[in-house]
Amino acid sequence: MESTVKTAVWYSAVLLLKLASFPLIIGLNRVKRGVVVADEDARFFGGVVKFTDVWIERLRRSHLNDIENILPFIALLLLSTTTGVLGDLETVLVVARVFTLVRMLHTLFYLVAAPQPLRAGSWFSGVLCNFYLAYQLITALEF
């Protein structure tokens, strides 16, 4: 496997692990706070059905934002490396590292309620990475 593809796969795995861990974190926080979303959960775990817990909603919105941004990034990164559009390792490393870092920062800023524009800036940096990859693909693979 080429080093660019291997790097893309590695960063994709890290980002997917972040995505996969959040439902567990949200679920554990729901149980800890006694906040559930269905009557059967309330009967089993004890607690109240509630959709407005500020902390749970902050966790959920952070996770939803990750889904909206990480999944396109992984697809674009893998397409860019497997097609050879991003053929040099340094470019792949910079894009993958920047995106991964800003997504981790976005989550941190979301959870600690950091003042804007910290969260917005980290979000926008990730969006720029996605647009960069999409632009590279579209312009290199014209037909």
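Where is Val85 found? Val85 sits in the loop between H3 and H4, where helices (H or I, at least four residues) and strands (E, at least two) are DSSP runs, numbered from the N terminus. The model is predicted, so that local features need pLDDT of at least 70 and side-chain atom pairs count only at pLDDT 80 or more, while totals for chains, interfaces and linings use all residues. Residues are numbered from 1 along each chain as its sequence is written, and side-chain values use heavy atoms, with hydrogens and water left out.

## The loops

Val85 counts as buried, because its relative accessibility is 19%; buried means under 20% relative accessible area, exposed over 50%, and partly exposed in between (1.4 Å probe, protein chains only). Leaving aside neighbours within four places in sequence, Val85 is in contact (heavy atoms within 4.5 Å) with Ser80, Gln136, Leu137, Ala140 and Leu141.

Ala113 has a positive phi of about 55° although it is not a glycine, and Ala113 counts as partly exposed because its relative accessibility is 47%. Pro117 is joined to Gln116 by a cis peptide bond, with omega at about 15°.

## How the helices pack

Axes are lines fitted to C-alpha atoms, for helices over the stretch in contact, and angles run from 0 to 180 degrees between N-to-C directions.

| Pair | Angle between axes | Axis separation |
|---|---|---|
| H3 and H5 | roughly 25° | within 8 Å |
| H4 and H5 | about 150° | 8 Å |
| H3 and H4 | about 175° | 9 Å |

Angles under 35 degrees count as roughly parallel, over 145 as roughly antiparallel, 65 to 115 as roughly perpendicular and the rest as oblique. H3 and H5 cross at roughly 25°, which means that H3 is roughly parallel to H5. H4 and H5 pack at about 150°, and therefore H4 is roughly antiparallel to H5. With an angle of about 175° between H3 and H4, H3 is likewise roughly antiparallel to H4.

The crossing of H3 and H5 is left-handed, and H4 also passes H5 in a left-handed crossing; a crossing is left-handed if the near helix is turned anticlockwise from the far one by less than a right angle, and right-handed if clockwise.

In the contact of H3 with H5, residues including Asn65, Phe73 and Leu77 of H3 meet residues of H5 that include Trp123, Val127 and Leu133. By class, this contact has eleven nonpolar, four polar and two charged residues, where Ala, Val, Leu, Ile, Met, Phe, Trp, Tyr, Cys and Pro count as nonpolar, Asp, Glu, Lys and Arg as charged, and the others, Gly among them, as polar. Between H4 and H5, the H4 residues in contact include Phe99, Arg103 and His106, and those of H5 include Trp123, Gly126 and Leu133; the residues of this contact divide into twelve nonpolar, six polar and two charged.

## Nonpolar cores

A nonpolar core is a set of buried Ala, Val, Leu, Ile, Met, Phe, Trp, Tyr and Cys residues joined through side-chain atoms within 4.5 Å. The largest such core has 19 residues, and those with the most contacts inside it are Leu15, Ile70, Phe73, Leu77, Phe99 and Leu133. Two or more residues are given to this core by each of helix H1 (3–33), helix H3 (54–82), H4 and helix H5 (118–140). Another core, of five residues, lies apart from it and has Phe22, Ile26, Val35 and Ile56 among its members. In soluble globular proteins, nonpolar side chains tend to be buried together.

Arg103 lies in helix H4 (residues 89–111) and is buried, with a relative accessible area of 0%. Not counting residues up to four places away in sequence, Arg103 touches Lys18, Asn65, Asp66, Asn69, Ile70 and Trp123.

Thr107, also in helix H4, is buried at a relative accessible area of 7%. Beyond its neighbours within four places in sequence, Thr107 is in contact with Lys18, Phe22, Ser62 and Asp66.
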